[in-house]
Amino acid sequence: MKNLATFLGVLSAVFGAIVLRPVNSYQAFMWKSTATAQTPGLVLLGSLAAVLGMKQRSPLAVITGTLGAGIGVTYIRRTVAPHDGFTRAFGRDWQRRIPPEAERRMLRRRLTWRLPRVPKPCLTRDVPFCTIPGTNRRLLADIWQPPASVEPSGTAIVYLYGGSWHFFDKDVLTRPLFRQLAGQGHVVMDAAHRSCPETDLAGMVGDVHRAVAWIKANAAQYGIDPGRVVVMGGSSGAHIALLAAYAPDEPRLIPQDLRKVDTSVMAVVSFYGIPEMSSAYRRWLAQEGASPPPPPPRQRPEPGKLANALYTLMLGRPLTAVQLPPAPPVRQLMRNLLGGLPDEVPEMYDLASPVHHVRASCPPTLMFQGTHDAVVPLQAARKLYRALDTAGVPVVYVEFPWTEHAFDGMYPPMANPAARAALYDLERFLACVAADRQPAGQPRSTH
């Protein structure tokens, strides 16, 4: 028992150290993300080790267990602490903007152990929303509609997934979030977009505009107000969402067939989106140089039944159905996305940087950023926030201490303090930005 207490204490201290330590390589990314997402478990593990250590008179177990539990408690408290972002963006009376009936369906606290039960929403898979002109390429979306027992809010959310502009698809680690948002009465359009090397940055942003144009054109069918469309995304998805929101009239990013179509949005939500491309490129290049060379390709073993079951629960498809090619080198990634490196096409790096498109007419913005983000330079995120604030754009900037990139993708969801705190703020942000708009009264669709 004494050896067990010591083992648990040392394990909790090791995971605590991982929480505190920023990472500079992709190899350590998963360890860091898992440690911060599971800090409630770290608290329990450390506390158990300390209690067992006291009973077994093991000073090492007591010290290491207390250290691990203390780090976990500190992380949770700092992550879920209140902030003044809404007051700065919407004024001291911002809470009055939220209808009482909507607030009753929201999270009550920033730290929750489980999402509230919501009625089952209506999910329609693989709805085609456009065909790329001159091709047979169709883009598909999953549409999440409110349950029949929930009054529609009139707000639609166009969501763009992340994946370094090269990987993944819709319906990846987002189902718990979409269920909660649909339970609030919102319609969620989980939109697919083309990726590199099929297209470049302009093509991806154009696909965002196509999704916005489609949901606006079909507003009456889905019971939404066409003036209450929000674009939201994670990582590279947040990046193209920011560009679409901040530069709706930029001719280099608008498809020719949409030049006279209104694709402006009510608001934009960025989960760790890239604010500035040049600084991000420099960071990624340095990380690539510091990382060991990838191992030679080898046959991946077949996953077990438990791994497939867990993956299916999170992603909606078995692990065996998800096959990703190796990530391209950083220079090749940027050539695929922007057509060259910063010294070759500097104008493209300016075009691809949301911070360079900030002006007073930008829509209200909600930004989530971790201070230990290995992908997005923290100073660039702060620079975007300051630019928006200086321009007079309502912006809520939420910074999570010691937190990694893609923090909301780590499961199980009930144990992830940053993901729960982000959902708490997201629900209130959507209510605040919609408060000044009266629902257009479109009939609700039947489902």
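Reader: At what angle do the axes of helix α11 and helix α13 cross, and within what distance do they come?

Author: Helices here are DSSP runs of H or I with at least four residues, strands are runs of E with at least two, and both are numbered from the N terminus. Axes are lines fitted to C-alpha atoms, for helices over the stretch in contact, and angles run from 0 to 180 degrees between N-to-C directions. In this predicted model, local features need pLDDT of at least 70 and side-chain atom pairs count only at pLDDT 80 or more, while totals for chains, interfaces and linings use all residues. Residues are numbered from 1 along each chain as its sequence is written, and side-chain values use heavy atoms, with hydrogens and water left out. The axes of α11 (residues 277-290) and α13 (residues 330-338) cross at roughly 150 degrees and come within 9 Å. That crossing makes α11 roughly antiparallel to α13; angles over 145 degrees get that label, those under 35 count as roughly parallel, 65 to 115 as roughly perpendicular and the rest as oblique.

Reader: Which residues of α11 and α13 meet?

Author: Contact means heavy atoms within 4.5 Å. On the α11 side these are Met277, Tyr281, Trp284, Leu285 and Glu288, and they meet Val330, Arg331, Met334, Leu337 and Leu338 of α13. The residues in this contact are 8 nonpolar, no polar and 2 charged. Nonpolar covers Ala, Val, Leu, Ile, Met, Phe, Trp, Tyr, Cys and Pro; charged covers Asp, Glu, Lys and Arg; the others, Gly among them, are polar. As a general idea, an α-helix has 3.6 residues a turn, so residues three or four places apart point the same way.

Reader: Are α4 and α16 roughly parallel or roughly antiparallel to each other?

Author: The axes of α4 (residues 59-79) and α16 come within 9 Å and cross at roughly 10 degrees. The two helices are therefore roughly parallel to each other. Tyr75, Ile76 and Thr79 of α4 make the contact with Pro417, Ala418 and Ala421 of α16. By class, that contact has 5 nonpolar residues, 1 polar and no charged.

Reader: How many residues of the chain's 447 count as buried, as a percentage?

Author: Buried means under 20% relative accessible area, exposed means over 50%, and partly exposed lies in between, with a 1.4 Å probe and protein chains only. Of the 447 residues, 56% count as buried. The chain has 16 helices and 8 strands. Among its contacts with a separation of 6 or more, 78% join residues 24 or more positions apart.

Reader: How many residues of helix α7 are buried?

Author: In α7 (residues 175-183), 8 of the 9 residues are buried, so the helix is largely enclosed by the rest of the structure. Arg175, Phe178 and Gln180 are among them. The buried residues of α7 pack against strands β1, β2, β3, β4 and β5, and against helix α16 (417-434). Just after α7, glycine 185 takes a positive phi of about 100 degrees.

Reader: Which residues have the most contacts inside the largest nonpolar core?

Author: A nonpolar core is a set of buried Ala, Val, Leu, Ile, Met, Phe, Trp, Tyr and Cys residues joined through side-chain atoms within 4.5 Å. The largest one has 68 residues, and Val158, Trp165, Met189, Met277 and Met334 have the most contacts inside it. Helix α8 (residues 201-217) supplies the largest share, 8 residues. A second, separate core of 51 residues includes Ile71, Ala89, Leu115 and Ala434.

Reader: With which side chain does the side chain of histidine 209 make a polar contact?

Author: A polar contact is a pair of N or O atoms within 3.5 Å; within protein, one must be able to donate a hydrogen and the other to accept it, and residues adjacent in sequence count only if both atoms are side-chain atoms. The partner of histidine 209 is the side chain of threonine 263, at 3.0 Å. Histidine 209 lies in helix α8 and, at 0% relative accessibility, counts as buried.

Reader: Where is threonine 365 found, and is it buried or exposed?

Author: Threonine 365 is found in strand β7 (residues 365-370). At 0% relative accessibility, threonine 365 counts as buried. A polar contact of 2.8 Å joins its side chain to that of tyrosine 246.
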